[in-house]
Amino acid sequence: NIPSENQMLRWNGKKWRSVKVPQPGGRGPDADQYIEQVACTGASRCWGIGAYTHGSTHASANAILRWNGKRWKLAKAPQPSGNQNELWGIDCTAPSGCWAVGERNNSAGATLNEALRWNGKSWRLVKTPQPGGTTVSGEQSVLYSVSCTSSTFCKSAGYIQNSAHQSLNQVLGWNGKKWKSN
């Protein structure tokens, strides 16, 4: 196993430069981590999301990094599942209004949609529809991207795989109060 490390580059107006980034999975043969996407609402307000594995079990955990204008710091990320949490997409409409989406597993082994919301103080898990099912190992609902135009309008896209192993596109919409299948 070749370990991977997070890497971030910053544009200074003339060229890209590497900046120091937290490595929540550590360094070594069992370390595997990645930042999938970044969203900014200003020069000193950015978020990076992804996941990392911890230990030889290769369980994955959500990773959320915050840029304060000078450096990246690890932020507290909800871990709704004990063995599989991964964030794939993020979007922000304001410093206190961000969404991160991805996937998590439940105790039955199904993969579920995951949506986390930043309220200006903390990230919180928000209930989402699970059109792929929730009761059988192999059922999947995964969100890969999110795009918001305001605090009351977002779309998130991904795929589902039902118990018959059919893979289908899924789109969820946020109306300011809850996520609904579209």
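**Close-ups: aromatic pairs, disulfides and a strand threonine**

W72 counts as buried, since its relative accessibility is 10%. Here buried means under 20% relative accessible area, exposed means over 50%, and partly exposed is what falls in between, using a 1.4 Å probe and protein chains only. A quick note on the model: it is predicted, so local features need pLDDT of at least 70 and side-chain atom pairs count only at pLDDT 80 or more, while totals for chains, interfaces and linings use all residues. Residues are numbered from 1 along each chain as its sequence is written, and side-chain values use heavy atoms, with hydrogens and water left out.

**View 1. Two tilted tryptophan pairs.** Searching the whole structure turns up 11 aromatic pairs. To count, rings of Phe, Tyr and Trp (the six-membered ring for Trp) need centres within 6.5 Å; planes under 30 degrees apart are stacked, over 60 edge-to-face, and the rest tilted. One of these pairs is W11 with W16: the ring centres sit 5.4 Å apart and the planes meet at 55°, so this pair is tilted. W11 is partly exposed at 45% relative accessible area, and W16 is exposed at 55%. W67 and W72 also make a tilted pair, with 5.5 Å centre to centre and 50° between the planes. W67 is buried, at 5% relative accessibility, and W72, as noted, is buried too.

**View 2. An aromatic cluster.** Look for Y34, W88, Y144 and Y159, which together form one aromatic cluster.

View 3. A disulfide is a covalent bond between the sulfur atoms of two cysteines. The working rule is a pair of cysteine sulfur atoms within 2.5 Å, and by that rule the count comes to three. In this view, the sulfur atoms of C40 and C46 are 2.0 Å apart. The angle about their S-S bond is 110°, and the link is right-handed.

**View 4. The C92–C98 disulfide.** The sulfur atoms of C92 and C98 lie 2.1 Å apart. The torsion about this S-S bond is about 110°, so the disulfide of C92 and C98 is right-handed. C92 is buried, with a relative accessible area of 12%, and C98 is buried as well, at 1%.

**View 5. The C148–C154 disulfide.** C148 is joined to C154 by a disulfide, with 2.1 Å from S to S. Its S-S torsion is about 110°, so the disulfide of C148 and C154 is right-handed. C148 is buried at 12% relative accessible area, and C154 is buried at 1%. Counting bonded cysteines along the chain, the protein's disulfides follow the pattern 1-2, 3-4, 5-6.

View 6. T111 belongs to strand 9, which covers residues 111-118. Strands (E, at least two residues) and helices (H or I, at least four) are DSSP runs numbered from the N terminus. T111 is buried, with a relative accessible area of 10%. Its side chain makes a polar contact with the side chain of N105 at 3.1 Å. A polar contact is a pair of N or O atoms within 3.5 Å; within protein, one must be able to donate a hydrogen and the other to accept it, and residues adjacent in sequence count only if both atoms are side-chain atoms. Contact in general means heavy atoms within 4.5 Å. Setting aside neighbours within four places in sequence, T111 is in contact with E103, R104, N105, E139, Q140, S141 and V142.
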